[in-house]
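Visitor: I am new to this structure and would like a close look at a single part of it. Could you pick one and take me through it slowly?

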Amino acid sequence: MADTTIKVDSTVRDRLAVLAAQRGCTIRDLVTALAEATLTREELAARQAAVAAYVTEHLRPEFSTADITAGEQFWQELEADQRHERKRLAG
Amino acid sequence: MNGAGVVFDHTALLALGSGSQLASQLVVAAHGQVGRHVYTPALCLAAAVAQRPALADHIGALPAMEVIELGFTAAGSVGHLIADGADWQACQAIDAARPSAEWPHGLPVVTALPALYRPHGIALIPLEKGSPGGQ
């Protein structure tokens with residue numbers, strides 16, 4: 001596979017260098033691992049669909065798309081609350 | 001840390017295994033975004049699996065459920081909580097919910113037994129009545 005170049009701010013490069021050194025790998029390895037380990041939006045949607053199917057089959061037969069919507073709303077509210085708490089603690 | 005997180009105690013895990021609506025909503029929606037953490041303390045998992053052995057396979061099949069191992073520091077905290085009279089099944093959830101470097105505001109515990117946590121000043125997400133072990 002052909003190599004390519006990514007331009008980033010020098011502070012980002014320096015941070016990547018520190019992170020890579022502390023993990024005993026190269027920046028190339030670090031960026032590769034990040035790209036491979038981070039799910040895309042499509043992969044996340046597929047993962048959620050697979051988990052919903054699993055829950056329906058094994059745990060809650062009546063699980064529905066309305067439950068996904070309710071769960072999504074719950075997490076959005078929790079994310080807002082915890083973001084607010086982080087800001088408050090940061091002063 | 002960005003994102004949000006909750007701690008599932010042993011009663012929440014049992015409720016999930018028994019088809020709790022709220023527990024299943026939380027778990028499925030957690031899989032749809034990065035940064036949503038459903039922490040499962042190892043002691044809570046052990047306590048739940050002791051009551052419902054098949055639960056271990058279900059938790060293992062849900063990648064967003066992150067098992068927190070019981071390391072040296074947590075083992076010490078859990079030991080002190082047990083010595084002070086707390087239910088051992090809840091102790092690692094109490095420890096995981098307390099403010100930490102990663103979660104300076106602490107984390108809420110999802111539970112069917114809120115009374116276990118009230119003396120410890122932990123934020124709670126109570127499961128619906130009628131959950132296993134619930135009110």
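Guide: Let's begin with the two domains of chain A in this predicted model: the C-alpha centres of domain 1 and domain 2 of chain A lie 31 Å apart. The domain assignment gives residues 1-38 to domain 1 and 42-90 to domain 2. Confidence in chain A can be stated briefly: its mean pLDDT is 92, and 100% of its residues reach 70 or more. Among the elements of chain A, helix H3 (residues 41-58) has the highest mean pLDDT, 96, while helix H2 (residues 27-37) has the lowest, 89.

Now for our close look, at helix H4 of chain A, which covers residues 65-90. With 26 residues at 1.5 Å a residue, H4(A) should span 38 Å, and its end C-alpha atoms are 37 Å apart, so the two values agree. Its buried residues are Asp67(A), Ile68(A), Gly71(A), Trp75(A) and Gln82(A). What do they pack against? Their partners include H3 of chain A, and from chain B there are strand E1 (4-8), H2 and strand E2 (36-41). Just after the helix, Gly91(A) takes a positive phi of about 85 degrees.

Notes: Residues numbered from 1 in each chain as written. Chains lettered and ligands numbered in written order. Predicted model: local features only at pLDDT ≥ 70, side-chain atom pairs only at ≥ 80, totals over all residues. pLDDT = per-residue confidence, 0-100. Helix = DSSP H or I, 4+ residues; strand = E, 2+ residues; numbered from the N terminus. Domains from an automatic or database assignment. Expected span 1.5 Å × (residues − 1). Buried ≥ 20, exposed ≤ 12 C-beta atoms within 10 Å, placed from the backbone. Contact = placed C-beta atoms within 7 Å.
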